[in-house]
Amino acid sequence: MYIYPATPESVREAARIIKGGGLVAFPTETVYGLGANALSPRAVAKIFAAKGRPQDNPLILHVRGIEEAARFAEVSPLAEKLARAFWPGPLTIVMRSLDIVPLVTRAGLATVAVRAPRNDTASALIREAGLPIAAPSANRSGRPSPTTARTVAEDLGDAVDMIIDGGETEVGVESTVADATGDGVIILRPGGVTREMLSEAARVLTPGGAPLRRSPGTRHRHYAPAVPLLPHRRGDVSSFAPLGRRWCYIGMTEPPEEGEPPLKKILFASAEDYAKGLYSTLRELETLCDVIVAELPEGGALGEAVRDRLKRAAGETI
Ligand code: TXA
Ligand code: MG
């Protein structure tokens, strides 16, 4: 099997594969990434092929810090402030790209997304490879992101040269994507670094409608299980109609007592637990039920990210 434990030897082998133009799936603190040499158009093309990813959806460059980021992007004072506050960590910063980043990596955009993950295996791999690593989440395009090495193998199989197993990921949902090319921060995708945390470090703008145009990934359906997902607002019995179908429930509070009880019910104690367990739970429940009813968490630091993923999994455009 090509799943290896996260040892220094595996990391060295993985770095060799990346330098040779191959694909390596590796753990980050958010979800598993599918990595390749970000500076090689041929290697990056393999990522798009393996995932079945639309070509208009740009990739994130994984680096070790601000100095490295400055070799690939214009690090504005705002971007630098964010990086100093949240790197290494689950924040992706969109900056103006330098020409050295191939167009295929950034899907033809003038900007590039960069982040420094705080997972030890991820940073060791970037250091060992000596290259920026382009890495989307290591799932088939559209599916829930992988939080374990096994899920990567299920989704991508032989399309990846090596998988490094670093156990279950810590955060469970992807990084926050923040555009720092203007006067203030625009959150393009909520994630591991919350709006409140960002607001403490910089001015956060809330432009109506703009994020849809600015983050290409938001155009596509994402994070979806194989069966329909119905988002449920706590107490809203009217929208609650899984009746007559075998349904499962995930949420933070008990489901309404309407009709048949759920086949399986999974309750999370906090929005953080919800985020951590979300994707693996969706993958488990899709094999048991005809429909998944998912409560939208009301609060909690990671509540916004979980709500965003659930709405997208349900096919809502946000
Ligand atoms: O936590 C994460 O971010 C994980 C781990 C592996 O690092 N990666 C991840 O990558 O979630 P991916 O490709 O699944 O999502 C990247 C998101 C997409 O929504 C994409 O459209 C957006 O970042 N993005 C990338 N480059 C961009 C750019 N130049 N401008 C705006 N959005 C960009
Ligand atoms: Mg993804």
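This is a predicted model: local features need pLDDT of at least 70, side-chain atom pairs count only at pLDDT 80 or more; totals for chains, interfaces and linings use all residues.

Student: How many helices and strands does the chain have?

Tutor: Ten helices and 16 strands. Those are DSSP runs numbered from the N terminus: helices are H or I with at least four residues, strands are E with at least two.

Student: And how does the radius of gyration sit against the globule rule?

Tutor: The radius of gyration is 19 Å, close to the 20 Å that the rule gives for 318 residues, so the chain is as compact as a globular protein of that length. The radius is taken over C-alpha atoms, and the rule is 2.2 Å times the number of residues to the power 0.38. Along the principal axes, the C-alpha atoms fill a box of roughly 60 × 50 × 30 Å.

Student: What share of the residues is buried?

Tutor: 56% of the 318. Buried means under 20% relative accessible area, exposed over 50%, partly exposed in between, with a 1.4 Å probe and protein chains only.

Student: What about contacts between residues at least 6 apart in sequence?

Tutor: Of those, 67% join residues at least 24 apart. A contact means heavy atoms within 4.5 Å.

Student: Switching to helix H6. Mostly covered or mostly open?

Tutor: Mostly covered. H6 spans residues 149-156, and six of its eight residues are buried. They are Ala149, Thr151, Val152, Ala153, Asp155 and Leu156.

Student: What covers them?

Tutor: The cover includes strands S1 (3-5), S2 (24-26), S3 (33-37) and S9 (162-165), plus helices H2 (41-51) and H9 (271-285). Just after H6, glycine 157 takes a positive phi of about 45°.

Student: You mentioned H9. Where is leucine 285, and is it buried or exposed?

Tutor: Leucine 285 is in H9. It is buried, at 0% relative accessibility. Leaving out residues up to four places away in sequence, leucine 285 touches Cys248, Ile250, Lys264, Ile266 and Ile292. Its C-alpha is 9.3 Å from that of isoleucine 250, which is 35 residues away along the chain.

Student: Back towards H6. Where is serine 137?

Tutor: In the loop between strand S8 (133-134) and H6. Serine 137 is buried, with a relative accessible area of 18%.

Student: Which side chain does serine 137 make a polar contact with?

Tutor: Asparagine 139, at 2.6 Å. A polar contact is a pair of N or O atoms within 3.5 Å; within protein, one must be able to donate a hydrogen and the other to accept it, and residues adjacent in sequence count only if both atoms are side-chain atoms.

Student: Where's the cis peptide bond?

Tutor: From tryptophan 87 to proline 88, with omega near -10°. Proline 88 lies in the loop between helix H4 (77-86) and strand S6 (91-97).

Student: Which residue other than glycine has a phi near 50°?

Tutor: Alanine 107. It sits in the loop between S6 and strand S7 (111-115), and is partly exposed at 22% relative accessibility. Tyrosine 223 also has a positive phi, about 60°, but tyrosine 223 is buried, at 5%.

Notes
Residues are numbered from 1 along each chain as its sequence is written. Chains are lettered from A and ligands numbered from 1 in the order in which they are written. Side-chain values use heavy atoms; hydrogens and water are left out.
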